[in-house]
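Visitor: I would like to learn how to read a structure like this one. Please take me through it step by step.

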Amino acid sequence: MKKLSVVLLVFLASLPAISQDCSMVIFNQSGERFQVILNGVLQNINYETNIKITDLYFEGNYKVTIAFENPQKI
């Protein structure tokens, strides 16, 4: 019975680790401002040099598109 309680306790303690959310930070060292489109959804309305996207879940792959404020400088 004691072994079963320990196994059950370890299992219950590890459940929060399974459901963790992920986050992603995208930044530009040269100072060019940009927008991020993640899976077809615009993540930031204003152009920024540093963007943090939170509450991501592991879905396998994400499609990320970067749109620069001034595309002629690229």
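Guide: Start with one side chain. This model is predicted. In it, the side chains of Asn 28 and Ser 30 are joined by a polar contact of 2.8 Å.

Visitor: Which backbone oxygen lies 3.2 Å from a polar atom of the Asn 28 side chain?

Guide: That of Glu 32.

Visitor: Where is Asn 28 placed in the chain?

Guide: Look for the elements on either side. Asn 28 sits in the loop between strand 1 (22-27) and strand 2 (34-38).

Visitor: Which residues does Asn 28 touch, leaving out those up to four places away in sequence?

Guide: A contact here means heavy atoms within 4.5 Å. Asn 28 touches Phe 34, Thr 49 and Phe 68. Take Thr 49: it is 21 residues from Asn 28 in sequence, yet their C-alpha atoms are 5.5 Å apart.

Visitor: Which residues form the largest nonpolar core?

Guide: First, the general idea. Nonpolar side chains tend to be buried together in soluble globular proteins. Here the largest such core has seven residues: Ile 26, Phe 34, Val 36, Leu 38, Ile 51, Ile 53 and Leu 56.

Visitor: How many helices and strands does the chain have?

Guide: One helix and five strands. Along the sequence the pattern reads α-β-β-β-β-β.

Visitor: What share of the residues counts as buried?

Guide: Buried means under 20% relative accessible area. By that cut-off, 14% of the 74 residues are buried. The accessible surface comes to about 6,300 Å², with 59% belonging to carbon and sulfur atoms.

Terms used. Residues numbered from 1 in each chain as written. Predicted model: local features only at pLDDT ≥ 70, side-chain atom pairs only at ≥ 80, totals over all residues. Heavy atoms only, no water. Helix = DSSP H or I, 4+ residues; strand = E, 2+ residues; numbered from the N terminus. Polar contact = N/O pair within 3.5 Å; in protein donor to acceptor, adjacent residues only side chain to side chain. Core = buried A, V, L, I, M, F, W, Y, C linked by side-chain atoms within 4.5 Å. Buried < 20%, exposed > 50% of the residue type's maximum accessible area, 1.4 Å probe, protein only. Areas by Shrake-Rupley, 256 points an atom, 1.4 Å probe, with all protein chains shown as cover.
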